[in-house]
Amino acid sequence: MKNITITVPATSANVGPGFDVLGIAVSLFLKLRVNVNPDETKTDKYNIELEYLGDNSTVPLDPEENIITKVALHVMSSFNINEFPKHTKVIVENCIPLGRGLGSSAAAIVSGVLLADTLFNLRLTQQQIFSFCLVFENHPDNTTPAIVGGVSASYVIETTSELDSSNSVVDHVKIPINPIIKAVVVIPEFELSTSYSRSVLPKSYNIKDIVYNLQRIATLSIALGQQDLRPELIFNSMKDSLHQPYRAALVPGLAKILSDLDYKNTPGLVGICLSGAGPTTLALATDNFDLIAQKIQSIFDSESNGSFKTHYYVLDVVHNGAIVQSDL
Ligand SMILES: Nc1ncnc2c1ncn2[C@@H]1O[C@H](COP(=O)(O)OP(=O)(O)O)[C@@H](O)[C@H]1O
Ligand SMILES: N[C@@H](CCOP(=O)(O)O)C(=O)O
């Protein structure tokens, strides 16, 4: 019997102005416990048996449909491998809420690539891992920090087309973040798929809005790592004019949260934005974490007329990214 554990963190993409560029790894995890037992007689499709712990009842278990195994099969097929080793059992423990803007799909994709890599000792380079992930999620702002940890900025080169990212290459840089900063995420109890939340964005933008974000992404990438944090600099740098204004209609309360809370009226708060494609909000903070979360929750409550509940976590930034432990 051989055992592997793959752990991949949740990620909060965009961090305000960095649409499809910036992401931050935070301490909620997807964990795969894998064992390979060639003596077991049971044969499932592709030799793989999947089991989810907890409530992930909407997730398909068919290996061709499930995102983790689908990604692993894709990676394997590019090495002419068509089935998992006999008999492979994967137990999935997922603490990343689905469809909430915390990178659950990115974590699943990364885990699928690492699963294939580890089972078959493919020795994929980090660049190959990035490229395989891009086939399934054509913006690298979640997958990069899920792989490398911390806060990262990524760009894509050699994209052949929107549909075929297999020849694309991702490069990235890690952005220092002051260790006193934590991530307060307030999570509405409804799902918002990333593809739907992308569909409401305009096809073209006014140059004023583009410059607004360019100015902020540059200042934010330095401001986050400064030893003497300047809350006003981070707060103003985390504003956005490319996606949040359009997504506000999908997230009741978001507009008021972004306009009412600031670093002056909420001590400890250094910046606030939509997490990924939503509906979660991300507040970066140095103190008063629970109070900040409760303030955000009360706006969600009043603006949604109680039509949905929320819960929150105070999370650490995860500096190491995905981890594979294996006795293979
Ligand atoms: N651990 C997982 N196993 C299988 N499918 C998953 C897993 N995590 C996410 N998914 C799939 O990804 C979908 C959510 O992806 P997406 O809309 O991009 O939202 P987000 O990545 O922000 O959570 C889920 O509805 C589910 O289909
Ligand atoms: N840049 C993407 C990020 C989506 O993140 P997710 O966690 O919601 O999948 C976007 O804003 O669409």
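## Basis of the description

The model is predicted: local features need pLDDT of at least 70, side-chain atom pairs count only at pLDDT 80 or more, and totals for chains, interfaces and linings use all residues. Residues are numbered from 1 along each chain as its sequence is written, while chains are lettered from A and ligands numbered from 1 in the order in which they are written.

## Two domains

The protein is assigned domain 1 (2–175) and domain 2 (182–315), with bounds that come from an automatic or database domain assignment. Between the C-alpha centres of domain 1 and domain 2 the distance is 26 Å. Their contact takes 26 residues from domain 1 and 31 residues from domain 2; two residues are in contact if their C-beta atoms, placed from the backbone, lie within 7 Å.

On the side of domain 1 that touches domain 2, the elements giving two or more residues are β1 (2–13), β2 (22–36) and β5 (151–157). Helices (H or I, at least four residues) and strands (E, at least two) are DSSP runs, numbered from the N terminus. The largest share of this side, five residues, comes from β2. By class, the side has 15 nonpolar, 10 polar and one charged residues. Here Ala, Val, Leu, Ile, Met, Phe, Trp, Tyr, Cys and Pro count as nonpolar, Asp, Glu, Lys and Arg as charged, and the others, Gly among them, as polar.

## Surroundings of ligand 1

Ligand 1 is surrounded by 21 residues, of which Ser104, Ser105, Ala108, Ser193 and Thr194 are the closest. A residue is near a molecule or strand if its C-beta atom, placed from the backbone, lies within 6 Å of it. Two or more residues of the shell around ligand 1 come from each of α1, β4 (88–94) and α2, and α2 has the largest share, four residues.

The shell around ligand 1 has 10 nonpolar, 10 polar and one charged residues. Because domain 1 (2–175) and domain 2 (182–315) both give residues to this shell, ligand 1 lies between them.

## Helix packing

Two packed helices are described by the angle between their axes and the distance between the axes. The axes of helix α1 (residues 67–77) and helix α2 (residues 104–119) come within 7 Å and cross at roughly 40°. Axes are lines fitted to C-alpha atoms, for helices over the stretch in contact, and angles run from 0 to 180 degrees between N-to-C directions. α1 and α2 are therefore oblique to each other; angles under 35 degrees count as roughly parallel, over 145 as roughly antiparallel, 65 to 115 as roughly perpendicular and the rest as oblique. The crossing of α1 and α2 is right-handed: a crossing is left-handed if the near helix is turned anticlockwise from the far one by less than a right angle, and right-handed if clockwise. Residues making this contact include Ile67, Ile68 and Val71 of α1 and Ser105, Ala108 and Ile109 of α2. The contact of α1 with α2 divides into 11 nonpolar, four polar and two charged residues.

For α2 and helix α3 (residues 126–136), the axes come within 10 Å and cross at roughly 130°. α2 and α3 are therefore oblique to each other, and their crossing is right-handed. From α2, Ile109, Val110 and Val113 meet Ile129, Phe132, Cys133 and Phe136 in α3. The residues of this contact are seven nonpolar, no polar and no charged.

## Backbone details

Gly278 and Pro279 are joined by a cis peptide bond, with omega about 5°. Pro279 lies in the loop between β8 (269–274) and β9 (281–285).

Asn47 is in the loop between β2 and β3 (48–53). Phi of Asn47 is near 65°, a positive value in a residue other than glycine.
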